[in-house]
Amino acid sequence: MHFTAHSADHLFTRYMMRYAEEKCARPIERHKFDLDEVSIHADAAKDGQQISLKMTVSIPGEDRSVIQAKEDTLQAAIDIVTDKLERVLSDGSARKLSSRRSSEAQQDYTEEFGESDYLTEGEE
């Protein structure tokens with residue numbers, strides 16, 4: 001996973017970088033995406049007494065997701081953003097499964113009757 005973080009206020013320490021990267025990797029792995037192809041960019045800034053976090057998640061074959069949270073601490077904001085990421089990935093998986101099921105249901109599996117096919121008495 002390619003994880004980058006930026007903060008003009010130097011909020012991302014080494015510990016916070018590692019914490020954010022590990023937290024973000026969990027839902028991505030859980031939904032069976034290839035971590036090597038995922039790119040995440042996080043921006044954090046102080047907003048008064050709170051910290052605003054904006055995370056952009058790019059997964060090949062998926063829509064780019066921009067997830068935001070505003071909390072008292074950066075760690076809490078990371079937790080909220082990763083929970084939202086889990087919901088986004090779950091919703092996307094459910095939509096794909098639903099569309100796959102509906103396309104399968106629309107297919108016609110009826111067979112044409114051939115000359116060797118016939119109905120016996122009582123099967124009409």
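Guide: The buried residues of α1 are M16, Y19, A20, K23, C24, A25, P27 and I28, where buried means under 20% relative accessible area, exposed over 50% and partly exposed in between, with a 1.4 Å probe and protein chains only. Keep in mind that this is a predicted model, where local features need pLDDT of at least 70, side-chain atom pairs count only at pLDDT 80 or more, and totals for chains, interfaces and linings use all residues. Residues are numbered from 1 along each chain as its sequence is written, and side-chain values use heavy atoms, with hydrogens and water left out.

Visitor: Okay, and how many residues does α1 have?

Guide: Helix α1 covers residues 14-30, which makes 17 residues. From first C-alpha to last it reaches 25 Å, close to the 24 Å expected at 1.5 Å a residue; that expected span is 1.5 Å times one less than the number of residues. Helices (H or I, at least four residues) and strands (E, at least two) are DSSP runs, numbered from the N terminus.

Visitor: How many aromatic pairs turn up in a search of the whole structure?

Guide: One. Y15 and Y19 form that pair, and it is stacked, at 6.1 Å centre to centre with 25 degrees between the planes. For the cut-offs, rings of Phe, Tyr and Trp (its six-membered ring) pair if their centres lie within 6.5 Å, and planes under 30 degrees apart count as stacked, over 60 as edge-to-face and the rest as tilted.

Visitor: Where do Y15 and Y19 sit relative to one another in helix α1?

Guide: Y15 and Y19 are four residues apart in α1, so about one helical turn separates them. An α-helix has 3.6 residues a turn, so residues three or four places apart point the same way.

Visitor: Is Y19 buried or exposed?

Guide: Y19 counts as buried at 17% relative accessibility, whereas Y15 is partly exposed at 44%.

Visitor: Switching to the sheet: what order do the strands have?

Guide: The order is β1-β2-β3-β4, in an open sheet of four strands with mixed pairing. Two strands pair if DSSP finds at least two bridges between them. The edge strands are β1 (2-7) and β4 (65-71), each pairing on one side only.

Visitor: And in which sense do β1 and β2 pair?

Guide: Parallel, over six bridges, with A5 opposite A42 in β2. Helix α1 packs on this sheet, touching β1, β2 and β3 (50-58), and its direction makes about 135 degrees with that of β1. Contact here means heavy atoms within 4.5 Å, while axes are lines fitted to C-alpha atoms, for helices over the stretch in contact, with angles running from 0 to 180 degrees between N-to-C directions.

Visitor: What about β3 and β4?

Guide: β3 and β4 pair in the antiparallel sense over seven bridges, and V57 stands opposite S65 in β4. Their hairpin has six residues between the strands, and G61 takes a positive phi near 85 degrees in it.

Visitor: Where is D36 found?

Guide: D36 is in the loop between α1 and β2 (39-47), exposed with a relative accessible area of 67%. D36 and M1 are 35 residues apart in sequence, yet 4.7 Å apart in space, C-alpha to C-alpha.

Visitor: Last one: which pattern does the protein chain follow along the sequence?

Guide: β-α-β-β-β-α, with two helices and four strands in the chain.
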